[in-house]
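Okay, thanks everyone for coming. Let me put the structure up on the screen, and then we'll walk through it piece by piece.

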Amino acid sequence: MSLFQLRVNGRLYTVDVDGDMPLLWALRDILGLKGTKFGCGVAQCGACTVHLDGRAVRSCATPVGVACLSEITTIEGLSRDGSHPCQKAWVELGVPQCGYCQPGQIMSASALLAANPNPSDEDIDNAMRGNICRCGTYPRIREAIHKAAGSKS
Amino acid sequence: MSGIFRVTRRDFLRYLGAGTGALVFGYSMAPDEASAKGLPDLDQLLDQIFHTGFPLGDFVRIELDGTIHIIAHRSEMGQGTRSTLAAVLADELEADWNRVVVEQADADAYKYGVPFPVALPGSPLIVKPEDAQFVDSSRSMAAYYKPMRFFGAGIRLVFVRAAAKKWGVDPAQCRAEQHKVYGPGGRSDPYNLLLLHARQVGVPTPEEITAALKPRKEWRYIGTDKMPFVDVHDMVTGKAVYGADKDPKLPMLTAMIERCPVANGKVRSFDPKPALAVPGVRYVTKVLPPDFQGGTGGVGAAFVPHDGVAVIAENTWAALQGRRALRPTIQWDLGPHATYDSEAFRGELEASTSQSGKTVRSKGDVGSAFASTGKVVEAGYYVPLLAQTPMEPPVAIAVYDKDKDQFEVWSPAQGPELAQHYLGLYLLEPNPLKWLVWQAERPNNVLKSCEQDNQEAFNRSLAKLLNVDEETLFKQAEDLKKSIRDRVKVHVTLLGGGFGRKSNPDYAIEAAFLAKQHPGTAIRVQWTREDDIQFSYYNAVSHQHLKAALDADGHPTALQQRSAFTSFFATLFPPPSPAFPPAMNDLLVSARAGFHNGGEYGYGSAIELGQGLEDMPYHIDHIHLENCPAESHIRNGWMRSVANIYHAFGLCSFADEMAIAAGRDSKDYLLELIGKGCVLHQKDLEAQGVKCLDNNQFPVDALLVPNSTQKLLPGYPPDTRRLRAVVERVAKESGWDEKVKRYKGLKGRGLGIAAHRSFLSYVAIVVDVSLNESNELTVNEIYGVIDCGFAVNLDRVRAQMEGGINYGLSYALLGEITVKNGAVQQNNFNDYQVLRIHQAPRKIYTYIQEPSAEVAKDYDGDVPPTGAGEPPTPAVAPALANAIVAAGGPRIREIPFRKTLQVV
């Protein structure tokens, strides 16, 4: 066990954990930030996606010892009140069904839009193929990303 | 005392069968009783007002400040039921949605199960208690749309009359709108200021409430695109609470369980030391299934947890690491299923369908038709075991109160009452006889007669075995159920998907089992994705064999279908075993038969046979349908649309094979198979040998039919007019005729069509695919049409269509669980693949087909809502297979298609 400083959503936290502990479990079990979800544990499904310095990463496969070097943003910190363009588009189009994967989808989508303000369908495929939705909300996710980008597919 | 008017309900069971032809208002609390309980008068008065016999208080509470709490008694897993049922009630109540709070109900089957005979004596039960909260079979709307409207309208009527009374005017001059009643002369009062006057107006009769239901044009939400979506904001901001997110406000530890890789295998030995050496690990302990888990021949285990060893730790990561350290130390006694090999078993299933099985429906003489007709078409179709893999792996939290011998559980459960009942039986009353007593049921008018006979035989045998009379037995069963309801509290969180996996409460029972060893500490059992994939209740593996004789015009004169599948009843009910006394075995057999005609061991239940086999919709002179035996070696359960998955894949693919053999257009041929359309009445099917048709029907009309004397309403017989209509609509919307012509000139482009009825709804699918020279498949577009009767929430019906289509596409392309040496070979999403966004069609076009006026006549002009969650799925795989053939690809007769084609 060692002490690590984690900068999450603009706040500084000190955690005393094993440096190999995936960021996901530090966020959920230690910091109580439960918007980031567990789906597979092996970076296959994207439910645990967060931003490290603005890039989308899978927190289930990112050790605390690595995450502590970056600015971490979780779904709780994406906006104060759900006003991020992705969140608004998600609500307007009624994207979620069960909703469980959607924080991860939104974190991937918001990182995509930050890097590429007007993504094509191929860009969306490439950026979002790591995020599984078993409810099959893919058509609406695609539409919501276009909407958040202010473009039409 | 809080400021909440708890609109309570007395134990209405006492009124069951009162049959007085009038509402029962009977109960009122004596003043001394009230003061003894410290209840303020106001509360008591309201209690009387709203205690109308229908259990309003379980569905609605009104606070002094006007906040209206609507109780969502069914679980939310993405289908939208929390929003839709609440909004239906709020619409009729004219509640201001901004002042409505939707609350999730705890498990209590009897609160939500049998209210309606009390409201309407003589009317049949609407939903059996065990089904009241069980979110399966796509029936939330079918069962509760009308009751919710009725409740809302009833309360609104009370408020209108209260205002009229207060103002001394005629109620006809008053109207309710958005939390207020308006009267003549510009008067108005909010609902909460009318609560006291409501007491003086009496209780509306069912006929009055029926007359007060809003006309369609006044609906704000019902049947529109403006339905509220309760949880959407929380879902996109990370605030929504799923199973693992719940904070029970207690000291909590996290458990991970290493389970025996083979069904019903046992732990022989293990060494806890390596796991205990991991920092944060507190306990290592065996998970013991109760002794009565079943015989040796099958996998009958119901929801008993798998045997295994639990690592209990301070956090999830410590539990995971501890489990890793534990794993190599466990010695298993793998048991008889360790020889199960899914590839070899496929051969057994094919052999089973190569011979005659049990006839389930027969008309004419297929044998002589096959002998005398020129062309015979024949094919076999295979669907492997499939795992549901909801995004949220199973998880549950439990705490045990040792002094009271009580459990409290938090769980994402499709069947909260299943969790309650089985948890209670296994952990509080671990005695096989109690399990049998639980099955005793008083004769009622819900069961079909075929089930009723079996139930009565079971009751008689059990009473004899216990040496009590049947009345005593029923009393024992009621007492047992009540005792368990009182001692097991189950709270329901949001479900991160269910798809049938979370109908099985094994994970909640695991949590409770561990919690019992650590009273006062909450234990969270967290499943990994590997656990979820390797310990599912898998959708059955099946083989279908179809054979048809085509006449000179290519029309089939005869159709034979043989269906072999591993029935989930082999999992739910233990088979007879030499370990049990003969009397016990007899009881197990009759209990299984009495439960949805669960059938005999080795064969399917009425539920499975009624999902696309017995209700085969084609208009053919000679029909012979058989169920061939299959013995399961792994736990089987339900996955979205269940037996429809394999029955539709076989039949709808075969329809296309016949069309091709006949040299006809697939859509035209399909319409010809269906014919002009007719109703397949139960009596007609019975005349063809169907013994116990399970039509997934619920007597949902009953509520608005006061004093109905019918034992069971006619229900929703398969109606091929509706199947025909969705086929015609999907052909029109997809531009079928024009595209078929155009694609003939294009290499590697094709359209496929399929249509299937399930859960009382009708769906037709057209899939548009491209196939390149490297046999790489692209699904371009999918068109889907659903007739789900009256569509209550248009947007969620469309969402279910989109999602259900992608779910079907996922297993068709990619889904397969294989088993070697009794153990599942897949681990995670890397080797149990599911559909990703780049594999999904860019566009899914969905359409809601309203039943025709001619159909509506059979329902007095008003076709009630039917399923939307599962019906979109079954027709996708065959439509895709048919499209691939049209694009010049091979005929694929086995799932997953990736074994035949490249899925990139």
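So, to get going: in what order do the strands of the open sheet in chain A come? The order is β2-β1-β5-β3-β4, five strands with mixed pairing. Before I go further, keep in mind that this is a predicted model. The scores are ipTM 0.98 and pTM 0.93.

Back to that sheet in chain A. At its edges you have β2 (11-17) and β4 (55-58) of chain A, and each of those pairs on one side only. If you ignore direction, neighbouring strands are turned by 40° against each other on average. One pairing to pick out is β3(A), residues 49-52, with β5(A), residues 71-73: they run antiparallel and are joined by 2 bridges. If you want to find that on screen, look for H51(A), whose bridge partner in β5(A) is T73(A). Then there's helix α5 of chain A, residues 102-115, which lies across β3 and β4 of chain A and runs at about 35° to β3(A).

Zooming out on chain A, we have 7 helices and 5 strands. Along the sequence the pattern goes β-β-α-β-β-α-β-α-α-α-α-α. The radius of gyration of chain A is 15 Å, close to the 15 Å that the globule rule gives for 153 residues, so chain A is as compact as a globular protein of that length. Its C-alpha trace spans about 50 × 25 × 25 Å along the principal axes.

N9(A) isn't a glycine, but it has a positive phi of about 50°. You'll find N9(A) in the loop between β1 (2-8) and β2 of chain A.

Okay, on to chain B, and confidence first. The average pLDDT for chain B is 87, with 88% of the residues scoring at least 70.

Now a sheet in chain B. It's open, with 5 strands in the order β13-β21-β20-β19-β14 and mixed pairing. The edges are β13 (358-363) and β14 (375-383) of chain B; each has a single partner strand, so one side of each is left without a neighbour in the sheet. The twist here averages 10° from one strand to the next.

Helix α22 of chain B, residues 643-661, lies across β14, β19 and β20 of chain B and runs at about 150° to β14(B).

Next, a helix pair. The axes of α23(B), residues 666-674, and α25(B), residues 720-734, come within 10 Å and cross at roughly 170°. That makes α23(B) roughly antiparallel to α25(B). From α23(B) you have K667(B), L670(B), L671(B) and I674(B), and they meet T720(B), L723(B), R724(B), V727(B) and A731(B) in α25(B). Sorted by class, that contact has 6 nonpolar, 1 polar and 2 charged residues.

There's a backbone detail in chain B too. The peptide bond from I895(B) to P896(B) is cis, with omega near 5°. P896(B) sits in the loop between α29 (876-886) and β28 (902-903) of chain B.

Last stop, the interface. How many residues of chain B are in contact with chain A? It's 49, against 45 residues of chain A. The chain B elements giving two or more residues to that side are α8 (232-237), α10 (316-326), α27 (794-814) and β27 (843-848). The largest share, 7 residues, comes from α27(B). By class, the chain B side has 24 nonpolar, 15 polar and 10 charged residues.

That's my tour, so over to you.

Definitions and conventions
Residues numbered from 1 in each chain as written. Chains lettered and ligands numbered in written order. Predicted model: local features only at pLDDT ≥ 70, side-chain atom pairs only at ≥ 80, totals over all residues. Axes fitted to C-alpha atoms, helices over the stretch in contact; angles between N-to-C directions. Helix = DSSP H or I, 4+ residues; strand = E, 2+ residues; numbered from the N terminus. Parallel < 35°, antiparallel > 145°, perpendicular 65-115°, else oblique. Contact = placed C-beta atoms within 7 Å. Nonpolar A, V, L, I, M, F, W, Y, C, P; charged D, E, K, R; others polar. pLDDT = per-residue confidence, 0-100. Pairing = 2+ DSSP bridges. Rg over C-alpha atoms; globule rule 2.2 N^0.38 Å.
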